[in-house]
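Thank you all for making the time this morning. I would like to walk you through one chain, going from single residues to the overall fold, and I will give the cut-offs as we go.

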Amino acid sequence: MRERHLDEGAVAAVLERARKVEVPEGDALTVEGEAGDAFFIVQAGRVRVTVDKAGAVTEVAVLGPGAVVGEISMLSDRRRTATCTVIDGPCNVLRVSRSDLAEVLAQRGDIAEKLQHIATTRAQETMRRLYS
């Protein structure tokens with residue numbers, strides 16, 4: 001789904017600040033309820049997105065290359081809204097810290113709009129899956 005991805009120009013701007021990380025299978029990129037200090041762009045591998053609804057863990061998405069995760073807490077200054085766990089082997093991601101994102105947004109304000117669109121779309125899809 002395109003709404004979960006940044007376009008090539010936005011990715012290029014972020015790449016200047018991003019750090020490549022290999023995350024082993026089973027490790028979490030984000031943990032629901034924790035403070036967010038970075039967001040991630042999946043380069044290779046897959047990530048399972050889950051939320052805890054009244055003690056029941058529900059899968060809301062499985063994301064692959066090009067997907068952005070962890071952006072909601074970066075844009076809203078709220079705690080993580082979901083847990084994103086690496087599945088099916090290691091996952092290569094680009095990690096963008098909060099301070100690096102601020103520098104990118106100072107140069108390319110359009111990226112904030114794109115990330116906000118991704119976050120809004122993801123939140124709407126999650127609510128539909130949890131409450132329908």
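A54 is exposed, at a relative accessible area of 85%, where exposed means over 50% relative accessible area, buried means under 20% and partly exposed lies in between, with a 1.4 Å probe and protein chains only. Before I go further, please keep in mind that this is a predicted model, in which local features need pLDDT of at least 70 and side-chain atom pairs count only at pLDDT 80 or more, while totals for chains, interfaces and linings use all residues. Residues are numbered from 1 along each chain as its sequence is written, and side-chain values use heavy atoms, with hydrogens and water left out.

Coming back to A54, this residue has a positive phi of about 55° although it is not a glycine, and its place is in the loop between β3 (38–53) and β4 (56–63); here helices (H or I, at least four residues) and strands (E, at least two) are DSSP runs, numbered from the N terminus. D88 also has a positive phi, of about 60°, and is not a glycine, but D88 is found within strand β6, residues 83–97. D88 counts as exposed because its relative accessibility is 53%.

**The cysteines**

How many disulfides does a search of the whole structure find? The search finds 0, a disulfide being a pair of cysteine sulfur atoms within 2.5 Å. The closest cysteine sulfur to that of C84 is in C91 and lies 10 Å away, so the two are too far apart for a bond. As for burial, C84 is buried, with a relative accessible area of 5%, and C91 counts as buried as well, at 0%.

**The cavity**

On a 1 Å grid over the protein atoms alone, a cavity is a set of points where a 1.4 Å probe fits but cannot get out, and lining residues have an atom within 4 Å of a point. The largest cavity has a volume of about 110 Å³, the volume being the space filled by probe spheres set on the points, with grid points joined across faces, edges and corners. There are 13 lining residues, and those closest to the centre are G70, I72, T81, A82 and C84. Helix α2, residues 71–76, gives the most to this lining, with 3 residues.

**A buried glutamate**

E71 has its place in helix α2. Is E71 buried or exposed? E71 is buried, with a relative accessible area of 1%. Leaving aside neighbours within four places in sequence, E71 is in contact (heavy atoms within 4.5 Å) with F39, L115, I118, A119 and R122.

**The chain as a whole**

To finish with the fold, the secondary structure comes to 4 helices and 6 strands, and along the sequence these follow the pattern α-β-β-β-β-β-α-β-α-α. The radius of gyration, taken over C-alpha atoms, is 14 Å, close to the 14 Å that the globule rule (2.2 Å times the number of residues to the power 0.38) gives for 132 residues, so the chain is as compact as a globular protein of that length. Buried residues make up 42% of the 132 residues. Among contacts with a separation of 6 or more, residues 24 or more positions apart account for 80%.

Terms used. On a 1 Å grid over the protein atoms alone, a cavity is a set of points where a 1.4 Å probe fits but cannot get out, and a pocket is an open set with protein on both sides within 12 Å along at least five of seven lines; lining residues have an atom within 4 Å of a point.
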